[in-house]
Amino acid sequence: MAGQKFQYDESGATFFYFLLSFLALLLVPGTYYWWPRKQKQDPKALASECYCPGCRKKKLILQSTKPWELMKRTCIKVVIIGGWVLLAFLAYKVSQFDYESASFDPYDILNVPIGTSEKVIKKAYRRLSLIYHPDKETGDEKKFMKLTKAYQALTDDESRKNWEKYGNPDGPGAMSFGIALPSWIVEKENSVWVLGLYALVFMIALPTTVGMWWYKSIRYSGDKVLLETSRMYYYFLHKSNSIPLKRVIMILSASLEFEKKYNSEIVERSSDEYEMPQLIKQLYNFGEKAQKEPPLSYNYSIKARALIHAHLSRLVLKADTLDLDRMYIVKKCPYLIQEMVGVVSQLILLAYAQRVPRLLNIETIENCMKLCPMVVQALWEYKSPFMQLPYITEDHIKHFDNKKKRVRSIQHLAQLKNEDRRSTLKFLSDSQYEDLVKVLGRMPYIDFKVRCEVIDDEATTVYTAGAIVTVTVQLKRRDMRVLFGDDSYADKHHIESEKNAAKETEKPNKLEKPMSNGDVIENSENVENKELKDDEKEKKATKGIWQQKRQSGKGKKSGNVKKQKATLSASAKKKIKKKEKLEKAKLGDPETKETEDDKAEDKEQLKDNNVSSDDDSDSDNESSSDASGDESEKTDAEETTDDKKKVSTNNDDDDDDDWDKFQSGANKKDRVLEGRTKQSHLVHSPYFPEEKHEYWWVYLSDRKSRTLLTVPYHVTELVDEEEIQLKFTAPRWPGVYVFAVCLRSDSYFGFDQMHDIKVSINKKKWISGYRSAVH
């Protein structure tokens, strides 16, 4: 482009402006977001904090394991303060630059007024040139050049005209664009250094950094578990249908995260040679030499398994060696167990698809889930759940099994009155009892509700063979303190344990037919007979209340009431039959479609009904006026209008329900887009070396065939309420099935729940025309 010049910054002015603006853009928001602030402690959290010895020791451990926190805060402060100092220096530097003014004024430079004669201008020039000439002691080259330029502009006619016309004695100048980089970058003698710096940054440092990041990332799964560990889980877990808990611990301890070759954070000590044999002798039923299969027999696996056993037994280890290793191994166990649960669920899905030969039982995945609260609470599965509370040891369990007042569960302990609870825990001091009540009040109480339906279908509660059934689970979490002194809440966990014990003792019924896919079919005739009997009992139990109210105003006219009942039941039967025909016609059953003759007969029947209803109403009016003047009886026409109103209100209710479902679905999509967090409620876990939040597993299972039906959903953000949807394919054979929706905690013992759902599977209905097209 003509008249334009691009040049690098000679004086460094534009480069300093660039640095100043860029640094300000980084410092202003960075100081606001990254300046270390003292965290405000929640007064509620302080009031509910436990001061038991285990919690105090854990607090010290958390502070000691993060010594870099203070260093990190100090470094952030130093960097931010240094940035602001540099910004102030650049601002001062920029303010000291002397620029040639865009509006050139020669009169101002020569210190003469406008319109001065040429003689006065020459005299002023000579006087100032003696001061600013470079050869003089007071000389200044820049000022002398400005002085000469001003003198020429006022004494030369052409220069004067250019200044008056363009504001520049040299005439119209070209538009120049400056590059905010110093000129030494493009100088010939510095080209080697500049190219070397570019090569170092973009050809060596950047590819090396990206390659190291990529090499590390491809070794891990999305949950930061080594892929080699996941492959090892697949290998061991698919070898048997049912894997006991002890075997699960062996597989977990063989995780490659505990081997020095795959994890540089692992510390191998020379003291392990004599400390580990002593530890193994203290462990009951450890079985060191029982397992010879690699990597279960490797030294790192045996050490990790021994430390997990010691953790579950709550053994005291040497603080500066084995206890450090125990804490490192234990804090990695929860997400390794979650990976193991995912592997088992994938193997079950592969077995359903006939990709692997064995279908794992439900006990395998439940043993994996059971191991997580064992690690968090440092307890074996056979220990009492009361040992999760502070100050409670095995010696104190006998106080909960008192003959006068037997405490069944932790929830039952919370529901006791304060006097009864204090008498049960009389072996504790007042401060210890206060800590225990704090922890007990923070424990979760889950309201567990289940709804079963077929979404996107007209009849959402009709389950056909092969349909996609959606089980909606609603979880509402509250603190256990809401139960203090209130025995109106049912002890859910105690009830579920009794149910499970009863189910295990039940013998299989002869009428049940086990299928190849693990489903169980009951004899539909017996089930229907049972349901009819139950319905008749419910009707008999609920019939007297509303019927007595209705008959109380009728007085002695029992005969008329019976006649009216007979006519009403007949009309109701016709309406019910008509509705059934319409529903069957909607479903497309060719055998139940209405013909034109049927429609004509229905019209004639309606006419006859209207005539008979008029006659009946006249006779009823006469009898009522002669006897007691009862005007409360309705005609069939009024009943039809009432039915229409009810149908319209039902339609409005259905529309409202559909809209609510649509809104809830939209809200769920928004929550999915927002992403899942892993913040819920802190767990009281003094033996776990890190802060642990409450997580839950929700899944659907068939307890009779001991199979898993849905992949377990890991709930990680249950703060107040959460809604989960589990989808499964209905069985292919008609019948009545009983499935169990299970809720398991990964942090607490004795808080698992189970909700049975009864699903009646109907025969698949074919659409008219589709059957003929298929055949």
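How many aromatic pairs does the structure hold? The structure holds 11 aromatic pairs, where rings of Phe, Tyr and Trp (its six-membered ring) pair if their centres lie within 6.5 Å, and planes under 30 degrees apart count as stacked, over 60 as edge-to-face and the rest as tilted. Two of these pairs are set out below.

| Pair | Geometry | Centre to centre | Angle between planes |
|---|---|---|---|
| Tyr235 and Phe236 | edge-to-face | 5.0 Å | 80 degrees |
| Tyr748 and Phe751 | tilted | 5.2 Å | 50 degrees |

This is a predicted model, in which local features need pLDDT of at least 70 and side-chain atom pairs count only at pLDDT 80 or more, while totals for chains, interfaces and linings use all residues. Residues are numbered from 1 along each chain as its sequence is written, and side-chain values use heavy atoms, with hydrogens and water left out.

**Aromatic and charged side chains**

Burial is described by relative accessible area: buried means under 20%, exposed over 50% and partly exposed in between (1.4 Å probe, protein chains only). Tyr235 is partly exposed because its relative accessibility is 42%, whereas Phe236 has a relative accessible area of 2% and is therefore buried. In the other tabulated pair, Tyr748 and Phe751 are both buried. Ring pairs also join Phe728, Tyr737 and Phe739 in a cluster.

The charged end of Arg421 lies over the ring of Phe484, 4.7 Å from its centre. For Arg422 the ring is that of Tyr433, with the charged end 4.7 Å from the ring centre.

**Overall make-up and annotated segments**

The protein has 24 helices and 13 strands; helices (H or I, at least four residues) and strands (E, at least two) are DSSP runs, numbered from the N terminus. Of its 775 residues, 34% are buried. Contact means heavy atoms within 4.5 Å. Among contacts between residues at least 6 apart in sequence, 71% join residues at least 24 apart.

An unreviewed UniProt entry annotates residues 15-35, 74-92 and 192-215 as "transmembrane region"; such annotations may be inferred rather than shown by experiment. In the model, residues 74-92 are 100% helix, with end C-alpha atoms 27 Å apart. Residues 192-215 are likewise 100% helix, and their end C-alpha atoms are 33 Å apart.

**Helix α6**

The buried residues of α6 are Ile121, Ala124, Tyr125, Leu128 and Ser129. Viewed down the helix axis, they fall within an arc of 130 degrees, so they line one face of α6; the arc is that of the directions from the axis to the C-beta atoms. This buried set packs against α5 (106-110) and α7 (141-155). On the other side of α6, the residues Lys119, Lys123, Arg126 and Leu130 are exposed.

Glu339 belongs to helix α14 (residues 322-352) and counts as buried because its relative accessibility is 13%. Beyond residues up to four places away in sequence, Glu339 touches Ser221, Asp223, Val225, Ser230 and Tyr233.

Val759 lies in strand β13 (residues 753-762) and is buried, with a relative accessible area of 1%. Leaving aside neighbours within four places in sequence, its contacts include Cys452, Tyr463 and Val736. Val759 and Val736 are 23 residues apart in sequence, and their C-alpha atoms are 5.7 Å apart in space.

Key
Lys NZ or Arg CZ within 6 Å of the ring centre and 35° of its normal.
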